[in-house]
Amino acid sequence: MRPPSVDALARSLADTGLPHPLLVDVAREAIAAGDHDSARERADALRRRLLQPVVNATGVLLHTNLGRAPFAISNDATYANLEFDLETGRRGSRQAHAGRLLARLCGAEKAIVVNNCAAAVLLVLAALADRRGVAVSRSELVEIGGGFRVPEVMERSGARLIEVGTTNRTRRSDFEQAVDRHEDLALVMKIHQSNYKIVGFTEAVGVDGLVGLGVPVVADIGSGLLDVACPWLPDGPPAWLVDEPAAKQTLESGADLVTFSGDKLLGGPQAGVIAGRADLVDACAGHPLARALRPGGMILRAMQELALHYMRRDHTAIPFWAMAARTTTELRARAEALGVGRVVDLAAVPGGGTMPTVEIPSAGVAVDGDHVAALRAGNADRPPIIARVREGVTELDLRTVDPADDPSVAAAVRALG
Ligand SMILES: *Cc1c(COP(=O)(O)O)cnc(C)c1O
């Protein structure tokens, strides 16, 4: 039996919209703390811990903590031809839809979608290099955020890492030696230095320099830029997009497989793509781990939508590219129109562990003082707004804000007083 006061207190919080069992929990906690009045605050805190939309005013386009690329996933409660061939009426493959379109986009024979790029790398290694050697340059034994360390992933996959060259210099001859010395060499792998740069006395082998060694070349390009020419952008590639490897050109230069993320520069949902030679992709798809790493219908549907947007060259339908392509003139005009704070020029960044030295000219509003906590609080009328503070000034970068959220941003800044 719960004391009636718990129940009454929980009921008095019904307007928070939280289900009764959760309100009972917060009511109990408040009573146990000897502070009935804290129940509403506790309920609010509980609601803030639920997954919910936020406004990203940080200027970090692929903000890992805010879900990297924003992308709509529509989910009707209907059946779909996920693994059903509407032509033959027989069992089909869940990789036949988005996979086929993505292959077409990057000029690959075949492609499959898995849960993320870490899964893509793991699957490639497990399927193609089990208990065999994989040669990687010592300059590319990277750690991506969130504990993805190439040497550890290799170990887990069952492949054996063969380190080649030195931290700053690796040549084709180093790979040739690895081929000569290791009879069981299964692959050579090139891993994009997504989140760091080695400068100074350096030498590296491009994908074209790894071709012809007698083993397949796998390139983990990470970020998922499809094509360096960015044909989906009306004005071509933006000035800040320099030296970023793209799936199409990496395959053209001789890679047998590429792996990349769905939610970095590709601008889609969390996913990973393996694209390239059909026999190698089939070997990955047929490996028992593929079953454990396969995405659900919602993600595959979203990846299909994304691929169709790319084919239509409609960057405005891909939120990441819509944000990336905004002009500073446009952003300044929006900042003026907010009618709050000072209009300032800012520097946005790609984020997501990509292009560590790149800044994207941007604009927004600035307010003296540190107001990030108040903006983050959100309320019934507006979502939490995530801003940053620099030298005692709160900055809201509009490049990463959906124009539809501008009124919320204006209201929130006005409310700061
Ligand atoms: C980001 C990245 C990964 C990991 O991708 P996730 O989709 O986050 O798993 C792997 N390799 C490279 C080179 C990357 O940049």
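The model is predicted, so local features require pLDDT of at least 70 and side-chain atom pairs pLDDT 80 or more, whereas totals for chains, interfaces and linings use all residues. Residues are numbered from 1 along each chain as its sequence is written, and side-chain values use heavy atoms, with hydrogens and water left out.

Three aromatic pairs were found, a pair being two rings of Phe, Tyr or Trp (its six-membered ring) with centres within 6.5 Å; planes under 30 degrees apart are stacked, over 60 edge-to-face and the rest tilted. The rings of Trp232 and Tyr310 have centres 4.8 Å apart and planes at 90°, and the pair is therefore edge-to-face. This pair links distant parts of the chain, since Trp232 lies in the loop between β9 (217-222) and α8 (247-252) and Tyr310 in helix α11 (residues 297-311), 78 residues apart. Helices (H or I, at least four residues) and strands (E, at least two) are DSSP runs, numbered from the N terminus. Trp232 also forms an edge-to-face pair with Trp321, at 5.5 Å centre to centre and 65° between the planes. Trp321 belongs to helix α12 (residues 319-325), 89 residues from Trp232. Ring pairs join Trp232, Tyr310, Phe320 and Trp321 into a cluster.

Trp232 is buried, with a relative accessible area of 3%, and Trp321 is buried at 0%; buried denotes under 20% relative accessible area, exposed over 50% and partly exposed in between (1.4 Å probe, protein chains only).

On a 1 Å grid over the protein atoms alone, a pocket is an open set of points with protein on both sides within 12 Å along at least five of seven lines, a cavity is a set where a 1.4 Å probe fits but cannot get out, and lining residues have an atom within 4 Å of a point. Grid points are joined across faces, edges and corners, and a volume is the space filled by probe spheres set on the points. Of its 29 lining residues, Lys190, His192, Gln193, Asp243 and Pro245 are closest to the centre of this pocket. Strand β9 gives the most to the lining, with three residues. Domain 1 (55-70 + 321-415) and domain 2 (98-317) both contribute to the lining, so the pocket lies between them; the domain bounds come from an automatic or database assignment.

The largest pocket has a volume of about 860 Å³, and the largest cavity about 40 Å³.
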